[in-house]
Amino acid sequence: MELLTPWDGSRVGLDQDEMRRHNRGAFLRLVHLSGEISRADLARRMNLNRSTIKTLTAELSAAGLVREVSQTDNRHQGRPSLIVRPETQRFHVLAFDVAVDRLVAARIGLGGVILDRKVAFRRRSGVDLDYVVTTLAELGRQLAEAAPSTSTCVGLGASYCGMIRPDDGTVRFGPDLGWVDQAFGAELARRLGLGLRVPVGNEAHLGALAEHLRGAGAGVQNLVYLHGDVGVGGGIIVGGTVLDGDAGYGCELGHMVVNPHGGRPCGCGSSGCLEAEAGERALLDAARRPAEVFGRDAVRAVADDAAAGDADARDALDYVGDWLGIGVANLINLFNPAVVVFGGMLRDVYAGVLPRVRSRVARNVLPVAKEKARLSVSALGDDTTLIGAGELGFSRLLRDPLRDTSRISPAAW
C-alpha cells in the first residue's frame, strides 16, 4: 500500500479542522482496509509523526470506531506492539448485490467483514424493478432486525449488473433483462425508509475496486477486472482509481467488439461483442447444450465435463477461451495492467480457458507490456461485487469519521 501524504493547509488553503478531518479519514481507511495495523505502520504510511498518530488513535477510539490492543512483538524479545483494529461489530453497512439470477443483501462490518447475509432467487423475467427493490428491502429489514442493539448502520451501497448513472443510481441500460432508465437507487432508498441514499455502482466497476483494495490486486495500482454473469462486464483501475468515463458509463469491456465479421448477436444490439462471443450462451451453445439449459450450474457442468474428457465441452472452452484471450490481449496492450482478474462465472471456467488466453497473450501482446502482466482469479470469490457495494456504503464514514456515527435503529423500519 502506498504512502498517504497528510494535507498541508499552508499549501492548499485548508484550515486546521479540515486537515484533522482529512487525517482522521485517512487513518480510519487504513485500519478499515488492513483489518489491523500497528501505530508504527500508520505513521509510516501516512507520513505523520507518532505523536499525531497517538492523538488520532485516541480520537477514533473515543468515538468507538477503533480499538487498540497490545500484541507481543516476537522480533523484539517480547516487547509489546500497539495494534489498532476496526470495531467490526459496532459499525456496519447494508450492502446489496443484484445479479441476473440472484439477489444478495449483507451486513458488512467496519473492516470489510461480512457479518450476515440473505440470498433470494431472481428469475430472468424482464423488467422487474418492483420485485427487486421489494425483495432487497425485505432482506435488509431482516438483517437490521437481527443486528445487535449495539451495532450502528453507517451507510448503504448497491451493485447492479448494468450501466449506472452515478448521481442517483438509475440503471440507464441493463441489457440482460431489458432495464432502461429504471430508478433503482431511489426506489430502494424509499423502500428501505432509513433516510439514507443508496449509492449504486456497476457490478464490474465495484468488483475491480474490491479486488484492488482487498483481493487479487491488493498492492498494485493498475488492474483489469473481468466479471462473468450472463455476459461479461469489466472494470479498470488506473493509478489506484476506477476508470469510469465522462458520465460514469466507461469500461463496458463486454461490449468491446472482437469479432466484427459474422459475430454472434449481442443483447446490446451490436454483434461480435466480447460477451456475445465469450459469455454464458456462447459457451453453452458451443458445448451443444439445449436452449432451456442455462445459469451458473450449467456453466460449471461444462467446465466439469471438459475436465472429465468430454470433447464438446473441451471444444467449447477452447472457443470461448480464444475470444476471451483476444479481449485480454487488447486490454493489456491498452492499459498495461499489473494483473488481469477473472471473477464471477469466469472463475468457474478459468482453468479450462487459461491455455487459450495465455496463447493469445503470448502472440498478440506487445513484448514490454506482457513482461509483468499476470492473470489471476478473483481472491474474493462470489463476494467480490458485494464487498465493492459495501465500500460504497462506508465511503461517507471514511471521508469524515466523526461526522455522524449515531445509530440507526431497527425500529426505524
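Guide: Strands (E, at least two residues) and helices (H or I, at least four) are DSSP runs, numbered from the N terminus. This is a predicted model, where local features need pLDDT of at least 70, side-chain atom pairs count only at pLDDT 80 or more, and totals for chains, interfaces and linings use all residues. Residues are numbered from 1 along each chain as its sequence is written, and side-chain values use heavy atoms, with hydrogens and water left out.

Visitor: What makes β13 and β14 a pair?

Guide: DSSP needs at least two bridges, and β13 and strand β14 (residues 241-242) have 2, in the antiparallel sense.

Visitor: Which strand is joined to β13 by 6 bridges?

Guide: That is strand β12 (residues 223-228), which runs antiparallel to β13. Val224 has Ile236 in β13 as its bridge partner, and a hairpin of 3 residues connects β12 to β13.

Visitor: Why is strand β13 called largely enclosed?

Guide: Buried means under 20% relative accessible area, exposed means over 50%, and partly exposed lies in between (1.4 Å probe, protein chains only). In strand β13 (residues 232-238), 6 of the 7 residues are buried, so the rest of the structure largely encloses the strand.

Visitor: How confident is the predictor in the protein, on average?

Guide: Confidence is given as pLDDT, a value for each residue from 0 to 100. The mean for the protein is 91, and 92% of its residues reach 70 or more. Helix α1 (residues 9-12) has the lowest confidence, with a mean of 44, while strand β5 (residues 102-109) has the highest, at 98.

Visitor: What does β5 pair with?

Guide: β5 pairs with strand β6 (residues 113-121) over 8 bridges, in the antiparallel sense. The two form a hairpin with 3 residues between them, and Gly111 in the turn has a positive phi of about 105°.

Visitor: Is Cys268 buried, exposed or partly exposed?

Guide: Cys268 is partly exposed, because its relative accessible area is 29%. Cys153, at 5%, is buried.

Visitor: What makes Arg39 and Glu68 a salt bridge?

Guide: A salt bridge is a side-chain nitrogen of Lys or Arg within 4 Å of a carboxyl oxygen of Asp or Glu. For Arg39 and Glu68 the distance from N to O is 2.5 Å, so by that definition they form a salt bridge. Arg39 lies in helix α3 (residues 39-46) and Glu68 in strand β2 (residues 66-73), so the pair ties together parts that are 29 residues apart in sequence.

Visitor: How many salt bridges does the structure hold?

Guide: The structure holds 28 salt bridges. Among them is the one between Glu59 and Arg24, with the closest N and O atoms 3.5 Å apart. Glu59 is partly exposed at 26% relative accessibility, whereas Arg24 is buried, with a relative accessible area of 11%.
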